[in-house]
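Open the model in your viewer and keep the selection tool at hand. The stops below run from one pair of elements to another, with a look at the whole chain in between.

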Amino acid sequence: MHVAEFPDAWELERAHDYSKDEGEDESDSESKTLTETDASAITGIPFLIDMLEQFREDPDSAELIDAIHSQHATLLLRTSPALLLSYLTHRKSPHHCSSVWHALLSGVARLDAAALSVYVRPLLDAVQRGVLPEYLKPREREVDSMVQGLVERALARDGSDACGAVAMQVLHLLIREHINTKLGVSLCTPSFRPLPEDVLEMVWKRPSGITFDLRDIFPSARETEQALCHLSPDPIHPSLAVVTPLIPPSSAFTSTSSQCVSRNANGTDFDKRGFSSYARIVSALLHVFIEDRQVAKQNLWALRHFLALELYAQDFISVPGAWSRVFAAEAIHARLETLVVKVEQIAMYVLTLSTSEGWREAALAAVIGSGSQPSSSSSSQVATSGPLPAFLVDTIQRARDSDWVRETRILRNVLQHVFYDVDREEADRWLVLARKIEGIAPETSMAIVYSVTSFAPEPTRLDRYRNELAASLLGAPSAKANSEGLLTLRKLCACAPSSDTDVVFLPQPRAVNIKKSCQQWIASDEDVDEEVVSAITAVGPILQNMSGAHWELMFDH
């Protein structure tokens with residue numbers, strides 16, 4: 001047998017041109033012919049098998065045959081899949097067959113959707129029947145390029161469902177050992193062009209016989225928590241203190257935005273919507289949970305991340321010009337308001353549909369019983385009561401142990417839903433907890449007080465607490481106005497009753513004490529911070545019926 005009987009590059013190109021001319025109007029019949037030919041070709045080309053057996057005796061022939069298959073793997077798939085598959089099956093050289101296989105995968109990843117649906121079927125059939133050697137596996141970089149290329153084809157809006165299904169089959173069969181891992185990487189990677197929600201839609205519409213495990217695609221709870229820990233726990237801007245007393249002065253922030261340099265959405269830190277890796281992961285999880293509420297109830301750990309992402313989104317909406325590690329400028333057009341609404345829907349569903357009686361009391365008793373020292377024993381004590389009490393205890397402990405603004409704001413948002421049917425006596429016990437941890441975690445204590453004031457019936461202890469705070473201001477010197485004085489004013493703001501209620505904030509003598517202290521601070525030679533003046537303005541309802549020089553001093557300051 002002579003090498004001349006084997007097709008050279010010119011003959012392959014001519015066959016390719018002919019197949020394009022003849023196959024434009026008969027793509028269905030061509031696909032059928034190719035598939036039928038390939039079904040028997042692996043065992044039906046004895047001349048090639050004979051030639052392969054002579055490789056050992058004729059190295060020049062072997063080199064030429066190997067070069068033809070390696071250089072024209074994709075073209076052979078288009079024009080003579082039987083020849084290509086026979087080579088891969090009967091060439092007893094893992095090195096050369098792997099080289100051809102890698103060239104073939106690279107070419108398949110570049111095929112358009114229509115060509116993919118026609119020419120790749122013989123290859124898929126061979127893989128499904130298990131006739132190809134087991135050692136034929138893609139390289140790491142080939143997996144990355146194939147996943148991105150084929151996912152984009154599967155998601156092509158102008159392609160048919162059949163083409164998308166074929167792309168999914170290629171992903172599943174050719175790189176089946178890597179598919180879940182690589183799809184998971186695509187969810188986390190901002191540079192991956194398809195959006196996570198589109199990838200999930202593709203997974204949900206998978207062809208029959210293809211299965212995906214979302215637990216393998218998404219990062220684990222631990223990995224997601226690590227991603228959150230790399231983000232700043234501070235609010236996006238100190239000016240948000242005007243909206244909520246839970247925002248401390250900027251001097252209490254753990255980092256400053258001036259230390260950070262943002263990249264735009266075309267860089268590696270953000271995707272085309274302006275979402276960071278963490279935002280992509282959590283928004284994709286939210287997409288899954290909205291579609292399946294049972295999954296949400298079974299994975300309460302994710303609720304913490306939904307609430308964290310909600311805070312970052314709300315802050316960004318409020319101050320879109322500020323720097324954020326979670327959202328780039330482009331995210332202002334990404335319907336973040338809709339994301340916030342979805343988080344609230346999930347939080348309300350999960351936190352208000354408990355059928356267990358007394359689950360809040362069990363969690364509260366566990367936290368109070370753990371004392372003021374950080375402890376993980378509380379969570380284990382309520383674990384047998386169900387995941388919801390354990391989640392509440394964990395949320396309180398995270399806030400108490402760190403006293404970070406992000407954690408205290410998450411706690412406030414959790415308690416907003418948890419307090420949906422709390423009574424006055426239970427609200428009083430929550431205030432006991434707030435007073436108990438006030439010394440070691442003032443921000444967490446303030447968050448609990450703020451939640452009780454905003455979402456629970458007025459407990460008897462709350463009025464006493466307000467009077468104690470007002471009395472403590474009378475003895476606060478001007479030198480401590482920016483520290484103790486500011487903290488006390490923020491605590492007063494946190495326990496201020498709503499203007500819609502008939503609850504009296506403070507009796508007249510206590511209001512006079514606050515007036516005197518504010519006058520003393522502002523009129524002193526001490527440099528009173530802007531946050532103090534802002535806090536004095538926030539407690540204005542206490543002083544609004546009292547005339548005096550304090551108003552002139554405040555506005556002039």
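**Stop 1: helices 20 and 22.** Helix 20 crosses helix 22 with right-handed geometry. This is a predicted model. Select residues 359-369 for helix 20 and residues 387-402 for helix 22. Their axes lie 9 Å apart, and the packing angle is about 35 degrees.

Now show side chains. On the helix 20 side, pick W359, R360, A363, A366 and V367. Their partners in helix 22 are L388, P389, L392, V393, I396 and R400. Colour this contact by class: nine residues are nonpolar, two are charged and none is polar.

**Stop 2: the whole chain.** Zoom out. The chain has 557 residues, and 51% of them are buried. Switch to cartoon: there are 31 helices and zero strands. Next, draw contacts with a separation of 6 or more. Of these, 75% join residues 24 or more positions apart.

**Stop 3: helix 18.** Select residues 301-318. The helix has 18 residues and spans 27 Å from its first C-alpha to its last. That is close to the 26 Å expected at 1.5 Å a residue. Is helix 18 mostly covered or mostly uncovered? Mostly covered: 14 of its 18 residues are buried.

**Stop 4: helices 26 and 28.** Select residues 460-474 for helix 26 and residues 508-523 for helix 28. The two pack at about 35 degrees, with axes 8 Å apart. Here the crossing is left-handed.

Show the side chains again. Helix 26 brings N467, A470, A471, L473 and L474 to the contact. Helix 28 brings R510, N513, I514, S517 and W521. By class, this contact holds six nonpolar, three polar and one charged residues.

**Stop 5: S517.** Stay in helix 28 and centre on S517. Which residues does S517 touch, leaving out those up to four places away in sequence? The answer is L473 and L474.

Finish with accessibility. Why does S517 count as buried? Its relative accessible area is 1%, and the cut-off for buried is under 20%.

Technical notes. Residues numbered from 1 in each chain as written. Predicted model: local features only at pLDDT ≥ 70, side-chain atom pairs only at ≥ 80, totals over all residues. Heavy atoms only, no water. Helix = DSSP H or I, 4+ residues; strand = E, 2+ residues; numbered from the N terminus. Buried < 20%, exposed > 50% of the residue type's maximum accessible area, 1.4 Å probe, protein only. Contact = heavy atoms within 4.5 Å. Expected span 1.5 Å × (residues − 1). Axes fitted to C-alpha atoms, helices over the stretch in contact; angles between N-to-C directions. Left-handed = near helix turned anticlockwise from the far one by under 90°. Nonpolar A, V, L, I, M, F, W, Y, C, P; charged D, E, K, R; others polar.
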